[in-house]
Amino acid sequence: MDEHELHRRVLTYERGWIAFALGMLVLFLALIGYTLGGQLAGVVPHGEAERVDPARVRVEGPWADPARLVVKTAPGRYTVHALAFAFGFQPNPIEVPQGAEVTFKITSPDVIHGFHVEGTPINVEVIPGRVAVVRFTFRRAGEYRVVCNQYCGLGHHTMFGRLIVVPSQGEAVEGDGR
Ligand code: CUA
C-alpha cells in the first residue's frame, strides 16, 4: 500500500478511537448527572425546603434573634426556629404549650445533624443551607429529649437537647393522642 493509503487508514483508526472516547465522556457525564440528580432529590428534607446561608444563620435572621426562636403566629399556633449545631441544639430547652400546633424550622450552621424528639414522630435530617420543616401537636405535657441521630463528629454522642411541653391552663386538652 502506498503512503497515502496508510495515512488514510491511520486517520480512520484514530477517528474511531476519538469517537469512542467522546462517547464514553458523554456516558460518564450523563451518569454523574443522574447520580447527582438522584442524591439531591433524596436528601431534600420533609416537605417545604427553604434555603438559608449557613454562615449567616447565627448572625442574622430568625435563628439569631432570641425574640423569634419561639413565636406565637396565631391562636394555638407556634413556630420554633431551632438550630442543630456541633454539638447541641438552640434554643435549649425549647418550650412550647401543650395542645398547640408547632411548626419547627430547623437548620444547621455547620454539618449535617439529626433532629429527633424522642417519643414523637419528629425526626428530620438537618442539612446546612436548608431548612427542615416539621409540624407537630404535643398532646402530652412534660419533658422530651431531643437527640441528634446523624453522625456529626467527635461530640455526636453528647448532642442532646430538651423540649418542654408546658401544661395548658384552663381549657381541657383531649387525651394523650398517642
Ligand atoms: Cu449532631 Cu450527631
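Predicted model: local features only at pLDDT ≥ 70, side-chain atom pairs only at ≥ 80, totals over all residues.

Student: Which residues touch the most other members of the largest nonpolar core?

Tutor: That core has 27 residues, and Phe 104, Phe 115, Phe 138 and Leu 163 are the ones that touch the most other members. Two or more residues come from each of β3 (77-85), β5 (94-97), β6 (101-107), β7 (113-117), β8 (123-126), β9 (130-137), β10 (142-147) and β11 (160-166). Strand β3 gives the most, with four residues.

Student: What is Phe 104 in contact with, leaving aside its neighbours within four places in sequence?

Tutor: The partners of Phe 104 are Val 80, Ile 94, Phe 115, Ile 122, Ala 132, Val 133, Val 134, Phe 138 and Leu 163. Apart from this core lies another one, of six residues, including Trp 63, Leu 83, Phe 85 and Val 131.

Student: Now the rings. How many aromatic pairs does a search of the whole structure find?

Tutor: The search finds six. To read a pair, look at the distance between ring centres and the angle between planes; an angle over 60 degrees counts as edge-to-face. Phe 89 and Phe 115 are 5.7 Å apart centre to centre with 80° between the planes, an edge-to-face pair.

Student: Why does that pair tie together parts that are apart in sequence?

Tutor: Because Phe 89 lies in strand β4 (residues 88-90) and Phe 115 in strand β7, the pair joins parts 26 residues apart in sequence. Phe 89 also counts as buried, at 6% relative accessibility.

Student: And what is the geometry of the pair formed by Phe 104 and Phe 115?

Tutor: That pair is tilted, at 5.7 Å centre to centre and 50° between the planes. Phe 104 is in strand β6 and Phe 115 in strand β7, eleven residues apart. Phe 104 counts as buried too, at 0% relative accessibility.

Student: Which residues do ring pairs link into a cluster?

Tutor: The cluster consists of Phe 89, Phe 104, Phe 115, Phe 136, Phe 138 and Tyr 144.

Student: Where does Arg 58 lie?

Tutor: Look over the face of Phe 85: Arg 58 is there, 4.6 Å from the ring centre.

Note on methods. Residues numbered from 1 in each chain as written. Heavy atoms only, no water. Core = buried A, V, L, I, M, F, W, Y, C linked by side-chain atoms within 4.5 Å. Buried < 20%, exposed > 50% of the residue type's maximum accessible area, 1.4 Å probe, protein only. Contact = heavy atoms within 4.5 Å. Phe/Tyr/Trp six-rings, centres within 6.5 Å; stacked < 30°, edge-to-face > 60°. Lys NZ or Arg CZ within 6 Å of the ring centre and 35° of its normal.
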